[in-house]
Amino acid sequence: VSAEPFGVYVHIPFCARRCDYCAFVTYVGVDELHGRYVHALLAELLAVQRDQRIPPASSVYFGGGTPSRLEPALVDELLVAIPRLQDCEVTLELNPEDVDPARLAAYVASGVTRFSLGVQSTSPRVLEELGRVHAGEDLTSLAATVASSGVASWSADLIVGAVGERDEDLLASLEAVVGGADRPPHISCYLLSVEKGTPLGRHPERHPDEDVLAHRYELVDAYLGAQGYRWYEVSNWSLPGHESRHNQLYWSQGSYLGLGCAAHGHRGGERSWNVASLTTYLKRVEAGQSPRAGFERTDEHSKRFEALALRLRTRRGIAAEELGDVAELAGYLVECEGRWVLTRSGRLLANEIIQRVDAAMASEEGGGAHDH
Ligand SMILES: C[S@@+](CC[C@H](N)C(=O)[O-])C[C@H]1O[C@@H](n2cnc3c(N)ncnc32)[C@H](O)[C@@H]1O
Ligand code: SF4
């Protein structure tokens, strides 16, 4: 019997150094807390299992922070405890400085099936501008180590749009990532976003230019398309069959459990999130209390809007019959096998197009009036 997909997200909030652009919940210089944190994660999982039935996971995602800072034995303890289907996709985010054959082999032996390597750029100048700890290690050898680790699939992350990055830097990064013998079957490419509270956020002269971002996105999509990668979500491309199962669960409003500080979950139409602070998380869990900070039930309109936004950002798009007249969106949407899908220009303006499609759907349904 094939059950509904179910994911488990595990947040690992430890990094060697904080990158200038990053607003994810993570801490530097507290590596002595790794063991304590993993035991709190196990306690949180046990408490959840006492309250509700947790189906075996079809995907597990160790995100960060830097999950590859955790010793393989700690990742193993977690994987032993998380009930999984036999063919479960288990992704672990990997920073370049942690790529080591024995370490990766140990993760794979514990059940990791997919690595996501944070390359960001291969240009030392761009890496420095981003405030990255690594300085453009030899990607050929990193890729060879990851590809020969026994993992079933892997991905590389790139960030585009740093001030000081030139088209040549981006093209050289793309060439280094996909031009070698061990190219990743999956690539995520993010436009640099300016987050509040980060060093990047505080320096307007370092903010990316919107037109440059648009141009770079076009370069990336054209380059990867020519190399056999298909976009399947605005920021994600893969070789056929290597789409991330866990990401697709998010984009289809599927169910997942979030473990750890700042982790989010979604079950039975309810979104919930844990306390963001690592110390509060540890205190609560160690005192036998729930680390949950809040939850919300999504109302019908926001649920529908969210579903539309999530689906329209993917290659699946939306069924043509859901949307009648899209004449004003010509150039941004294209009909493909009975479905409307974003064009390259549409993907660049995804948020705006989603608003307009929502408005068009609402006016079609209710003669222009929303029901609330
Ligand atoms: C959770 S992060 C961390 C993964 C891992 N620690 C690393 O640095 O490679 C996952 C990805 O989000 C992307 N990212 C983080 N902050 C970003 C930002 N402000 N703008 C664009 N992409 C960002 C990076 O590409 C990063 O690899
Ligand atoms: S981008 Fe990765 S390594 Fe850098 S601070 Fe964020 S989580 Fe840590």
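In which strand is Ser58 found? Ser58 belongs to strand E4, residues 57–64, where helices (H or I, at least four residues) and strands (E, at least two) are DSSP runs numbered from the N terminus. The model is predicted, so that local features need pLDDT of at least 70 and side-chain atom pairs count only at pLDDT 80 or more, whereas totals for chains, interfaces and linings use all residues. Residues are numbered from 1 along each chain as its sequence is written, chains are lettered from A and ligands numbered from 1 in the order in which they are written, and side-chain values use heavy atoms, with hydrogens and water left out.

Ser58 counts as buried, with 7% relative accessibility; buried means under 20% relative accessible area, exposed over 50%, and partly exposed in between (1.4 Å probe, protein chains only). When residues up to four places away in sequence are not counted, Ser58 touches Pro5, Phe6, Leu85, Cys88, Glu89 and Arg245, contact being defined by heavy atoms within 4.5 Å.

The surroundings of ligand 1 comprise 17 residues, of which the closest are Gly65, Gln120, Arg132, Asp157 and Ser193; a residue is near a molecule or strand if one of its heavy atoms lies within 4 Å of it. By class, this shell around ligand 1 has six nonpolar, seven polar and four charged residues. In this classification, Ala, Val, Leu, Ile, Met, Phe, Trp, Tyr, Cys and Pro count as nonpolar, Asp, Glu, Lys and Arg as charged, and the others, Gly among them, as polar. A nitrogen atom of ligand 1 is 3.1 Å from a polar backbone atom of Tyr21, and a nitrogen atom of the ligand is 2.8 Å from a polar backbone atom of Gly65. An oxygen atom of ligand 1 is 2.7 Å from an N or O atom in the side chain of Gln120. Of the 560 Å² of accessible area that ligand 1 has on its own, the protein covers 90% (Shrake-Rupley method, 1.4 Å probe; for residues, only the protein chains shown count as cover). Two or more residues of the shell come from each of strand E6 (114–120), strand E7 (153–160) and strand E8 (186–191).

Gly65 lies in the loop between E4 and helix H2 (72–81), and the peptide bond from Gly64 to Gly65 is cis, with omega near 10°. Gln120, in strand E6, has phi near 65°, a positive value in a residue other than glycine. Most residues other than glycine have a negative phi, and most peptide bonds are trans. Gln120 is buried, at 8% relative accessibility.

Ligand 2 is surrounded by Cys15, Arg17, Arg18, Cys19, Tyr21, Cys22, Gly65, Thr66, Asn95 and Arg132. Its shell divides into four nonpolar, three polar and three charged residues.

Ser123 is buried, with a relative accessible area of 9%, and is in contact with Asp169 and Ser173 when its neighbours within four places in sequence are left aside. Tyr256, in strand E11 (residues 255–259), is likewise buried, at 10% relative accessibility. The C-alpha atoms of Tyr256 and Pro5 are separated by 8.6 Å, although the two residues are 251 residues apart along the chain. The side chains of Tyr256 and Arg271 are joined by a polar contact of 3.5 Å; such a contact is a pair of N or O atoms within 3.5 Å, and within protein one must be able to donate a hydrogen and the other to accept it, while residues adjacent in sequence count only if both atoms are side-chain atoms.

Strand pairing was assigned where DSSP finds at least two bridges between two strands. Strands E9 (residues 230–233) and E10 (residues 236–238) run antiparallel and are joined by three bridges, forming a hairpin with two residues between them. Within this pair, Glu233 has Asn236 in E10 as its bridge partner. An open sheet of three strands has the order E15-E17-E16, with antiparallel pairing. Its edge strands, E15 (318–319) and E16 (333–336), each pair on one side only. Two bridges join E15 to E17 (residues 339–342), and Ala319 stands opposite Arg339 in E17. In the loop between E16 and E17, Glu337 has a positive phi of about 45° although it is not a glycine. Glu337 counts as exposed, at 78% relative accessibility.
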